Every structure is written in C-alpha cells, then in structure tokens.
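This briefing accompanies the sequence and the structure shown below. It is intended for reading alongside them.

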Amino acid sequence: MRVSKSRTRPFSVSPQLEPGAPSDFELMKAIQAEDPDALSQLYDRYNGILKALILRVIHNEAEADDLLQEIFMEIWNQAKNFSSQKGKPLGWMVTLARRRAIDGLRKKQAYARAEERLQNETEQQPDAWVHNSTEEEIVLSDTRSLIRKVISGLPPAQQQAIDLAFFRGMSQREIAAKTNTPLGTVKTRLELGLKKIYDGLKELRGEL
Amino acid sequence: MNFKEFQNQSRLYVIGALEAEEFAEFEKARKKFGKKAEDYIGECYGLHEAFALSLRPAKSSTAIKDRLMAMVRARKEA
C-alpha cells in the first residue's frame with residue numbers, strides 16, 4: 001500500500017485538463033481581473049460537476065439550474081475573496097455551491113418534498129452512493145471512478161451517514177433521528193468513514 | 001484534545017457535522033495547534049472536491065449560461 005508522505009500540499013484530486021488549457025488558478029486570476037471569458041471557460045469546465053452536486057442536494061432540475069446560475073454569479077462577485085493559499089478553485093467553488101444548495105433547501109422548507117423525491121429516486125438514481133445498482137452501466141472518468149471506488153469500499157451505514165451529512169447538511173443528531181441510530185454510533189460512523197475516504201484519497205492522489 | 005483527535009474533528013468540521021457542544025472544544029484546539037491545525041483543515045476541504053467529483057456530471061441548459069454571461073457583462077459595463 002502506497003502512503004503519501006506529503007503533509008503540506010493541498011489535498012486534492014482534480015480532473016486532468018487538456019494540454020495547453022489555462023489552469024483553474026489562471027482562470028480565477030482572470031476572473032478577479034473581471035474577464036468574462038474566463039468565467040465562461042470555468043463554467044464550461046465545471047457546470048456539470050456543480051449541477052450534479054446541487055441536484056444531489058435539492059433533487060429538482062429547474063431549481064438546480066436557477067441555483068447554478070446564482071452560484072456562478074456569486075463566483076464572479078466573490079472571486080476577489082478567493083485565495084490560492086487556502087486551496088484550489090474547484091474546492092472553493094464546491095464549498096460555495098454546497099452551502100448555497102443546502103441554504104436553498106432549508107429556506108424553501110423543502111425537506112419534506114425532497115424527502116419524497118429522494119425516496120422515489122433512490123431505486124433509479126445512478127449517483128446514489130448507497131445501493132448503486134447501475135454503476136457498471138456508466139462510463140466513468142478515471143478520477144471519478146477512483147473516487148467512487150474509495151467511497152464504495154465503505155460499509156453502507158458509513159456511506160449513508162456521510163451522504164446525509166454532506167449532501168443533506170444534516171447534523172449528527174438529525175442523522176441519528178432519521179436513521180433511528182444512537183448518536184454515538186452516528187459519530188463513530190462519520191469519523192471512521194471520513195478517515196477511510198481521506199486516507200484513500202491521499203493514496204489516490206499519487207495514482208492520478 | 002490531542003492532534004489525532006483534532007484531525008478526526010476537523011473532518012467532521014469541514015462537512016458541517018460537528019455538534020454545537022463539540023464546536024467550542026474544536027475551536028480551542030484549533031487555536032492551540034495554530035498553523036498546523038489550519039493546514040490540516042485546509043487539506044480536509046479537499047473532501048468537498050472529492051465528493052463532488054464522485055458524482056456523474058449533470059447537463060444544464062445552454063440558456064442558463066447565456067443568461068449568466070449576459071448578467072456578468074451587464075454588471076461589468078454598469
């Protein structure tokens with residue numbers, strides 16, 4: 001088993017870019033200088049990933065499109081607050097998108113509706129972490145398939161706890177109530193699962 | 001809290017899963033470990049990126065991008 005020795009390099013598993021394409025950092029710098037074409041390129045590069053994340057939270061196509069537009073507008077407006085010292089552009093954008101998506105879900109008090117949709121979609125949703133029966137049918141990019149491999153290596157209960165915390169914004173207590181599990185067990189599942197993913201991704205970083 | 005426990009808590013922190021009663025203790029340890037703590041939290045945010053990349057990209061309508069770029073250009077010219 002390979003173990004990464006790096007402790008200072010930002011932990012990241014970004015997708016590969018075409019040769020000669022501007023890096024995400026270069027695009028962010030151009031956006032900070034108010035270059036709309038840079039935002040256009042960043043949009044083309046990551047709208048699919050960010051929309052998938054938003055959809056995973058709110059489960060509504062039209063709302064996800066609206067939110068995606070708002071998030072890229074926020075990226076444009078907040079670009080000056082991005083600092084390369086704090087991490088990579090994709091990480092910053094994902095953090096921003098997740099926060100907005102979870103806020104949106106809470107503001108609209110859509111938990112009940114999303115809950116219904118989630119239950120309806122569970123059987124047919126290809127991107128569910130737990131009980132994903134259609135995985136083989138999907139052609140995955142190298143990066144994504146490797147990340148999925150790490151995540152799918154977790155016991156389903158750990159996957160579920162992380163899924164509810166990350167994509168639904170649930171607290172440990174909310175997860176405990178939803179899954180009818182003792183709070184201490186939820187905490188242990190989250191801690192063990194996140195550590196395994198973190199360690200697995202550190203190993204992956206060397207393979208990508 | 002030792003650094004190993006802080007690392008565990010950091011991973012919960014970045015996904016917003018720290019409970020209120022854990023938060024104060026975490027912030028105390030964060031101050032105690034200083035730069036080492038900040039570096040580790042920064043690394044943990046890589047989990048966000050990984051979780052997003054684990055999903056199959058979704059298609060969005062071209063109208064969204066057209067609207068976005070029109071808004072951006074209008075704001076720039078204003």
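The points that follow are grouped by topic.

The model is predicted: local features need pLDDT of at least 70, side-chain atom pairs count only at pLDDT 80 or more, and totals for chains, interfaces and linings use all residues. Residues are numbered from 1 along each chain as its sequence is written, and chains are lettered from A and ligands numbered from 1 in the order in which they are written. Chain A contains 9 helices and 0 strands, where helices (H or I, at least four residues) and strands (E, at least two) are DSSP runs numbered from the N terminus.

**Chain A overall**

- Read from the N terminus, the elements of chain A follow the order α-α-α-α-α-α-α-α-α.
- Of the 208 residues in chain A, 38% are buried. A residue is buried if 20 or more other C-beta atoms lie within 10 Å of its own, exposed if 12 or fewer, and partly exposed in between, with C-beta atoms placed from the backbone.
- Among contacts in chain A with a separation of 6 or more, 68% join residues 24 or more positions apart. Two residues are in contact if their C-beta atoms, placed from the backbone, lie within 7 Å.

**Packing of H1 and H2 in chain A**

- Two packed helices are described by the angle between their axes and the distance between the axes.
- The axes of H1(A) and H2(A) are 7 Å apart, and the helices pack at an angle of about 140°. Axes are lines fitted to C-alpha atoms, for helices over the stretch in contact, and angles run from 0 to 180 degrees between N-to-C directions.
- H1(A) and H2(A) are therefore oblique to each other; angles under 35 degrees count as roughly parallel, over 145 as roughly antiparallel, 65 to 115 as roughly perpendicular and the rest as oblique.
- The crossing of H1(A) and H2(A) is left-handed. A crossing is left-handed if the near helix is turned anticlockwise from the far one by less than a right angle, and right-handed if clockwise.
- From H1(A), A:Leu27, A:Ala30 and A:Ile31 meet A:Ala38, A:Leu39, A:Gln41 and A:Leu42 of H2(A).
- This contact of H1(A) with H2(A) comprises 6 nonpolar, 1 polar and no charged residues. Ala, Val, Leu, Ile, Met, Phe, Trp, Tyr, Cys and Pro count as nonpolar, Asp, Glu, Lys and Arg as charged, and the others, Gly among them, as polar.

**Packing of H2 and H3 in chain A**

- Helix H2 (residues 36-58) and helix H3 (residues 61-78) of chain A have axes that come within 9 Å and cross at roughly 135°. That angle makes H2(A) oblique to H3(A).
- H2(A) passes H3(A) in a right-handed crossing.
- Residues forming the contact include A:Leu39, A:Tyr43 and A:Asn47 of H2(A), and A:Leu67, A:Ile71 and A:Trp76 of H3(A).
- The contact of H2(A) with H3(A) divides into 12 nonpolar, 1 polar and 2 charged residues.
- H3(A) has 18 residues and reaches 25 Å from its first C-alpha to its last, close to the 26 Å expected at 1.5 Å a residue; the expected span is 1.5 Å times one less than the number of residues.
- Among the buried residues of H3(A) are A:Leu68, A:Phe72 and A:Ile75. Their cover includes H1, H2 and H4 of chain A together with H4 of chain B.

**Loop residues of chain A**

- A:Glu34, in the loop between helix H1 (24-32) and H2 of chain A, has a positive phi of about 60° although it is not a glycine. A:Glu34 is partly exposed, with 14 other C-beta atoms within 10 Å.
- A:His59 lies in the loop between H2 and H3 of chain A and has a positive phi of about 55° although it is not a glycine. A:His59 is buried, with 21 other C-beta atoms within 10 Å.
- A:Ser83 is in the loop between H3 and helix H4 (89-107) of chain A. A:Ser83 counts as exposed, with 9 C-beta neighbours inside 10 Å.

**Chain B and its contact with chain A**

- The contact takes 55 residues from chain A and 36 residues from chain B.
- On the chain B side, helix H1 (3-14), helix H2 (20-44), helix H3 (46-53) and helix H4 (62-77) each supply at least two residues. H4(B) gives the largest share of that side, 9 residues.
- The side of chain B that touches chain A divides into 17 nonpolar, 8 polar and 11 charged residues.
- Buried residues of H1(B) include B:Phe6, B:Leu12 and B:Val14. The buried residues of H1(B) pack against helix H9 (183-205) of chain A together with H2 and H3 of chain B.
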